[in-house]
Amino acid sequence: MRAFAYERPESIADAVGLLAEHGPEARLLAGGTDLIIRLREGTIRPRVVVDVKRIAELDGGIRETEAGLTIGARATMTAIGADDRIRRDFTALSEAAAVVGAVQIRNRATLAGNICNASPAADTVPALLTFDAVVVAAGPGGTRRIALDELLVRSGVTTLARDELVTAIELPQPDLARASAHLRRTRRRGHDLAAVTIACVVRADGRTRIAYGSLGPRPLLVGDDSGLLADAAAADAVKAALLAQLFTDASPSPRSMRASPDYRLAMLHVLGMRAVRTAIERLAGAR
Amino acid sequence: MTAQARRIELTVNGRSRSVEVAVHHTLLEALRDDLGLTGTKECCLVGECGACTVLVDGASVDSCLMLAVEADGASLTTVEGLADGERLGRLQQAFLDTGAAQCGFCIPGQLISAEALFASTPHPTRAEIEEGLAGNLCRCAGYEQIFEAVELAARDGTPA
C-alpha cells in the first residue's frame, strides 16, 4: 500500500478541521472495508487518512428519540442487524444489514460508510430511502440534516462537502402501522454484491414505497399512493403492470460483470412483486 | 511521501505487545511481519476469502482490511492462541478428527470464525454454521468436513 499520514482526531471539530485543511487529499476511515481495498489498489491516493473511531462524540449507539431512532455514525452492520427496535420498526434495514458481506465485514462496516461510499449496490440504502432516512453531517459551519434522497448523486459521489463528516443517521418513527421487507439477488449465497437489491414498505393507509439499487448510477425511490400495490386482493398482473411503470428509470450498466442488464431488469420485477407481497403479509400478520 | 510509523500497544493471544508499525500497513502485515505470527494467512486482500480472519476484542475481522494502527489498545486472538501449549483447542482437534484440513491454507481463518461463532452461539445449527463461516472460502471445497468439525466441537462441549 502507498504511504499516507494517519490522523486520529478525538473530537468532531478536530476531524472537520483536518478535512478542511487537507481537502481532496484527505479520506475518512470508519470501518475501512471499502477504503482499505481502494487504498491498496491505488484507485484513491490520499495524503492523509483520518480515522474517526477515537472521536468520543461519535459513537455507534442506537438511540430512541421522540422523532424516531438515531443511529450513531460508528454503528456497524452487526449492531444494526442485532437491534430489536430496528428489526421491529425498520425490518427491511435489519434484513439488509444482515446480508452485507459476511460476519467479518459486518463487524467492521458501518451504516454511515455504506451511505457515504455511495455504491449503487449498497444494500442498506434502499431500505433507508423507503424509511425517509435523514443524514446528519457536521462541518465547519455547524451541523445540517440532509434527506438521504438528496444526498446521493451517483457512484462514489454525494452532496456532502469535502469538509463534512456524517455524525448520525435518523430514522423517523412511523406515524401509522406499516411493514417492510428487503430482498436481493446475488450470484451465490453467503457473500456477494447484489445484482438487484430492493426494499419495500407497505403502510396501513395503502401507500407503498419501493427503493432499488444496482440498476443504475444510484439507488432510486418510487411510490404508489393509489393503494393498488398494497391491496392484497388486487390481481398480480395489474400490480406487475404498475411496477413496470414505476421501474422505468432503471438503467443497469451493460459493463457490469455481475449480471446482464436484461437479467437485472427481469429480477427487479420478480423481486419487486415478492417484496410487495412479503410486506403485505407482514402487515396483515402484525395486526 | 516517507512512511510514517507509530508505536501501538496491544494484547495478542493474552500477551502484551508493544510494536512500531508503519501507519499504512495492515494488521495482517503487522501480525505476520512485525510479530512473526504467520498462522494468519494472506490471500485475497479484498475481504472475500477470510484466510486472514482474527478476533479483535472478540469480534472476527478480516485483518487485511484493517490498519495495524487501528488495533492500538485492542486485544487480539490469532490461530496461534487457540492451542494451550502442545494441547490443541477443541475446534482444532475436531478439524483433525474429521479430516477437515486438506491443503490447510484456509484453516486458520475457518478456526477463528468458528471460535467467534461459538462465543455467541455455543450450539449452532447447520444453517448458523454455514452463515457464521460464509466469509471463509476453501478452495479445496472441504466445506462438508469443516461443518462436521464445527458440529463435532459443539457436541463435545464448551470450545477451548
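## Helix pair in chain B

In this predicted model, the axes of helix 2 (residues 90-97) and helix 5 (residues 143-155) of chain B come within 8 Å and cross at roughly 130°. Axes are lines fitted to C-alpha atoms, for helices over the stretch in contact, and angles run from 0 to 180 degrees between N-to-C directions.

Helix 2 of chain B contributes B:Arg90, B:Leu91, B:Ala94, B:Phe95 and B:Asp97 to the contact, and helix 5 of chain B contributes B:Ala149, B:Leu152 and B:Ala153. Contact requires C-beta atoms, placed from the backbone, within 7 Å. Helices (H or I, at least four residues) and strands (E, at least two) are DSSP runs, numbered from the N terminus.

## Sheet in chain A

Chain A has an open sheet of five strands in the order 4-5-10-6-7, with antiparallel pairing; pairing takes at least two DSSP bridges between two strands. Strand 4 (62-64) and strand 7 (142-147) of chain A are the edges, each pairing on one side only. From one strand to the next, the twist averages 25°.

Five bridges join strand 6 (residues 134-139) and strand 10 (residues 165-172) of chain A in the antiparallel sense. A:Ala138 stands opposite A:Leu165 of strand 10.

## Chain A against chain B

On chain A, 23 residues are in contact with 27 residues of chain B. Strand 1 (5-7), helix 2 (35-41) and helix 6 (103-106) of chain A each supply at least two residues of that side of chain A.

## Basis

Residues are numbered from 1 along each chain as its sequence is written, and chains are lettered from A and ligands numbered from 1 in the order written. The model is predicted: local features need pLDDT of at least 70, side-chain atom pairs count only at pLDDT 80 or more, and totals for chains, interfaces and linings use all residues.

Technical notes
Contact = placed C-beta atoms within 7 Å.
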